[in-house]
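Hello,

Here is the structure we talked about passing on. Please open it first, then read the notes below.

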Amino acid sequence: MYEHKKKPLASPKVYYTRILKNIVIAIGILLISLGIGILGYNYFAGLRWIDSLHNAAMILSGMGPVFEHPNEISNEGKIFSSIYALFSGVVFITNIGFIMAPAVHRFFHKLHLEDN
């Protein structure tokens with residue numbers, strides 16, 4: 001076995017800086033994902049920009065699509081919508097992980113310090 005040097009728990013300032021950095025990353029991922037949805041709904045489903053934003057935001061938040069007349073959406077639009085819904089689920093879980101990572105890391109670090 002090797003000797004592991006224990007690092008002290010990060011100061012509150014460092015901890016909150018990490019949380020803020022991860023929230024900024026999560027917001028960036030969210031905005032990029034929203035942009036992909038807006039462009040995809042506009043191009044593949046032929047929706048107006050405002051309707052594309054509305055559908056992308058609803059899918060990304062887990063609320064579901066809001067097509068007024070689903071029969072008027074092209075097959076390409078339906079395929080994009082299906083793929084985007086799966087993508088959005090992964091983005092949601094990823095963002096939760098990014099936001100919670102500093103808190104979970106600090107929790108386990110603190111447990112490890114107290115254990116010894």
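Ser88 lies in helix H3. Keep in mind that this is a predicted model. Is Ser88 buried or exposed? Ser88 has a relative accessible area of 3%. Buried means under 20%, so Ser88 is buried.

What does Ser88 touch, leaving out residues up to four places away in sequence? The answer is Ile59 and Leu60. Now find Ser33. Ser33 and Ser88 are 55 residues apart in sequence. Their C-alpha atoms are 7.5 Å apart in space.

**Where H1 meets H2**

Next, look at two other helices. Helix H1 covers residues 12-44, and helix H2 covers residues 49-60. Their axes come within 8 Å. They cross at roughly 130°. That angle makes H1 oblique to H2. The crossing is right-handed.

Which residues make the contact? From H1 come Leu30, Ser33, Leu34, Gly37, Ile38, Leu39, Tyr41 and Asn42. From H2 come Trp49, Ser52, Leu53, Asn55, Ala56, Ala57, Ile59 and Leu60. Sort them by class and you get 11 nonpolar residues, five polar ones and no charged ones.

**Aromatic rings**

How many aromatic pairs does the structure hold? There are eight. Start with Tyr41 and Phe80. Their ring centres are 5.2 Å apart. Their planes stand at 90°. Planes over 60 degrees apart count as edge-to-face, so this pair is edge-to-face.

Tyr41 lies in helix H1, while Phe80 lies in helix H3, residues 75-115. The two are 39 residues apart in sequence, so the pair ties together separate parts of the chain. Both residues are buried: Tyr41 has a relative accessible area of 0%, and Phe80 has 13%.

A second pair is Phe107 with Phe108. The distance is 5.3 Å centre to centre, with 70° between the planes. This pair is edge-to-face too. Are these two residues buried or exposed? Phe107 is partly exposed, at 48% relative accessible area. Phe108 has 52% and counts as exposed.

Tyr41, Tyr43, Phe44, Phe80, Tyr84 and Phe87 form it. The pair of Tyr41 and Phe80 described above is part of that list.

**Two lysines**

Lys21 is in helix H1. Lys21 is exposed, with a relative accessible area of 52%. Along the chain, Lys21 and Pro102 are 81 residues apart.

Lys6 sits in the segment before H1. Lys6 is partly exposed, at 42%. How far apart are the C-alpha atoms of Lys6 and Glu76? They are separated by 55 Å. Along the chain, these two are 70 residues apart.

Best wishes

How values were computed
Residues numbered from 1 in each chain as written. Predicted model: local features only at pLDDT ≥ 70, side-chain atom pairs only at ≥ 80, totals over all residues. Heavy atoms only, no water. Axes fitted to C-alpha atoms, helices over the stretch in contact; angles between N-to-C directions. Helix = DSSP H or I, 4+ residues; strand = E, 2+ residues; numbered from the N terminus. Parallel < 35°, antiparallel > 145°, perpendicular 65-115°, else oblique. Left-handed = near helix turned anticlockwise from the far one by under 90°. Contact = heavy atoms within 4.5 Å. Nonpolar A, V, L, I, M, F, W, Y, C, P; charged D, E, K, R; others polar. Phe/Tyr/Trp six-rings, centres within 6.5 Å; stacked < 30°, edge-to-face > 60°. Buried < 20%, exposed > 50% of the residue type's maximum accessible area, 1.4 Å probe, protein only.
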